[in-house]
Amino acid sequence: MPPSVLSKTNFLYGLQCHKYFWKLLYAREEIPPVDEATQFIFDQGHEVGNLAKKLFPDGIDIPTDDFQASIRITKEQLSSGRPLFEANMVAGDICCRVDILNPAGDGAWDIIEVKSAASVKEVNMADVAFQRLCCRRSGLKIGKCKLAYINNKYVKKGEIDPAQLFIIEDITDRVDAVSDGLQEQVEAVLGVMSQEQCPEVAIGPHCTSPYSCPLQDKCWEFLPEHNVLALYYGGNRRFELLENGIQEIKDIPDDFFSNEKQRIQQDSVIKGEAHINREAIRLFLNRLQYPVYYLDFETFATAIPLYDGTHPYQQIPFQFSLHVVENTGAEPRHHMYLAEGMEDPRPALARELKGLLGDRGSIVAYYSPFEEQVLRELAGAFPQYQGWVDSLQPRMLDLYRPFKSFHYYHPEQKGSASLKSVLPAMTGVDYDGLGISNGKVAGVAFLAAERGSLSEAEREVIRENLGEYCGQDTSGMVLIVNKLTEAAERLL
Ligand code: SF4
């Protein structure tokens with residue numbers, strides 16, 4: 001049964017795409033389930049929301065489990081003059097839950113929307129504008145619109161201090177700015193709600209912004225293999241090409257390109273072979289000093305910091321994989337560390353890594369600024385490692401560079417220089433069969449396994465998957481360097 005009133009969440013879906021919104025209501029089975037990383041973001045949002053309530057100790061929680069009861073209790077409590085959490089406002093055919101409705105004097109109320117992000121985003125304005133419209137239609141006098149979001153400069157010391165963790169920003173002016181035309185937008189989405197047929201919507205920038213739409217695979221499947229949406233840094237202009245009837249990268253006119261890498265991509269697609277800048281690759285490979293250490297960290301990052309001395313969204317390393325190649329062509333040796341439990345994983349991880357990295361030889365990472373940042377933060381937290389971390393810096397080598405610079409580009413990379421694109425394109429080894437296939441899921445899976453809510457058997461499966469995933473990142477780097485070496489030599 002479709003809902004009889006339009007909620008704020010559904011309005012925002014409808015605002016992004018009428019088709020997606022309709023499918024949500026009438027063909028939900030076509031929408032893929034949310035992945036673990038997205039579910040983690042939702043769950044974290046609830047945790048953050050609960051913490052924000054502590055900013056208003058005399059606030060009243062409106063129950064969320066019974067829709068009708070929550071409307072009644074909200075009405076009753078509006079006369080209490082106290083802050084209301086999750087106030088349920090219904091006005092005709094629209095409704096919303098207000099995170100915090102805070103009395104502002106003179107009979108007015110401030111709307112405070114709580115977000116677990118560390119910045120204010122444009123999509124937050126439409127979100128709050130809808131709430132304000134709903135509240136005003138219910139007869140409420142609204143004062144300011146505010147956003148409570150995470151202060152990522154906050155450093156945990158003992159108990160979390162909500163007053164320091166949150167930044168509360170007045171966004172009334174920005175909400176005003178998006179409120180022109182809001183009524184029409186609401187009417188349009190309400191119109192879709194009562195439509196029997198799914199509206200036709202052409203693909204466009206709305207497929208990726210403000211959120212990546214989960215129906216992309218379905219809606220984009222009519223496109224040919226090397227289509228313009230895979231154009232490197234194509235941005236929204238990619239969709240202009242489609243509007244002009246150009247679907248294939250090979251057909252993009254030369255004057256469209258904004259950089260040389262896009263030309264290399266097109267050339268590589270047309271020729272059906274990799275573009276190889278032999279000289280640049282040889283220069284890169286010449287920098288490798290044996291033994292070579294291929295290093296990858298897995299990290300998690302939480303909005304609410306877990307350990308003293310850390311800040312929101314700090315990357316906390318809990319695992320590393322290290323493949324060591326002693327000499328050119330030698331078989332790699334593999335080492336791995338995976339923390340257990342929810343104790344701060346960093347001291348043991350640093351100790352273990354220090355014992356393995358030796359004092360000479362290149363340390364190769366794919367997008368090494370990330371590994372370097374993790375190492376710097378380790379040294380910041382545990383000063384006894386400062387000298388060691390400083391000594392690693394000159395040994396670091398970024399394997400991402402030859403691909404970012406398009407010194408090597410394979411048409412199967414489809415416009416991406418990420419490890420997940422480069423490895424399958426060069427070697428045929430992909431991440432499809434793995435239980436964990438990206439770093440975000442790895443972090444979330446680790447937290448799920450070690451926070452103690454799973455059975456021992458489930459935990460073991462996750463730990464095996466983590467080992468396999470992180471190990472593939474570093475064994476993949478070894479394969480990539482071998483392939484680069486072959487490619488450079490073949491062209492000599
Ligand atoms: S992929 Fe694009 S067109 Fe298709 S439902 Fe999603 S946003 Fe709409």
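Helices and strands here are DSSP runs, numbered from the N terminus. The views below come from a predicted model.

**View 1. Tyr-367 in the loop between strand S12 and helix H14.** Tyr-367 lies between strand S12 (363-365) and helix H14 (368-381). The phi angle of Tyr-367 is positive, at about 65°, although the residue is not a glycine.

**View 2. The residues around the ligand.** The shell consists of Cys-17, Lys-19, Tyr-20, Val-201, Ile-203, His-206, Cys-207, Cys-213, Leu-215, Gln-216 and Cys-219. Helix H2 (18-26) and helix H9 (216-219) are the elements that contribute two or more residues to this shell. Sorted by class, the shell has eight nonpolar residues, two polar residues and one charged residue.

**View 3. The contact of helix H2 with helix H8.** Helix H2 also packs against helix H8 (residues 182-193), at an angle of about 45° and with the axes 9 Å apart. Because of that angle, H2 is oblique to H8. The crossing of the two helices is right-handed. On the H2 side, the residues in contact are His-18, Phe-21, Trp-22 and Leu-25, and they meet Val-189, Val-192 and Met-193 of H8. This contact has six nonpolar residues, one polar residue and no charged residues.

View 4. Ser-209 and Pro-210 are joined by a cis peptide bond, with omega about 5°. Pro-210 is placed in the loop between H8 and H9.

View 5. The bond from Tyr-290 to Pro-291 is cis, and its omega is near 0°. Pro-291 is found in the loop between H12 and S9.

**View 6. The contact of helix H12 with helix H19.** Helix H12 (residues 278-286) and helix H19 (residues 456-490) pack with their axes 9 Å apart and at an angle of about 130°. The two helices are therefore oblique to each other. Their crossing is left-handed. From H12, the residues Arg-278, Ile-281, Arg-282 and Leu-285 meet Leu-484, Thr-485, Ala-487 and Ala-488 of H19. By class, five of the residues in this contact are nonpolar, one is polar and two are charged.

**View 7. The five-stranded open sheet.** The strands of this open sheet run in the order S11-S10-S9-S12-S13, and their pairing is mixed. Strand S11 (333-338) and strand S13 (396-398) are the edge strands; each has a single partner, so one side of each has no neighbour in the sheet. From one strand to the next, the twist averages 25°.

**View 8. The pairing of strands S10 and S11.** Strand S10 (residues 316-325) pairs with S11 in the antiparallel sense, over six bridges. Within this pairing, Phe-320 has Tyr-337 in S11 as its bridge partner.

**View 9. Helices H13 and H18 on the sheet.** Helix H13 (residues 346-356) packs on the sheet, where it touches S10 and S11. The direction of H13 makes about 10° with that of S10. Helix H18 (residues 439-450) also packs on the sheet, touching strand S9 (292-300) and S10. The direction of H18 makes about 60° with that of S9.

Conventions. Residues numbered from 1 in each chain as written. Predicted model: local features only at pLDDT ≥ 70, side-chain atom pairs only at ≥ 80, totals over all residues. Near = placed C-beta within 6 Å. Helix = DSSP H or I, 4+ residues; strand = E, 2+ residues; numbered from the N terminus. Nonpolar A, V, L, I, M, F, W, Y, C, P; charged D, E, K, R; others polar. Axes fitted to C-alpha atoms, helices over the stretch in contact; angles between N-to-C directions. Parallel < 35°, antiparallel > 145°, perpendicular 65-115°, else oblique. Left-handed = near helix turned anticlockwise from the far one by under 90°. Contact = placed C-beta atoms within 7 Å. Pairing = 2+ DSSP bridges.
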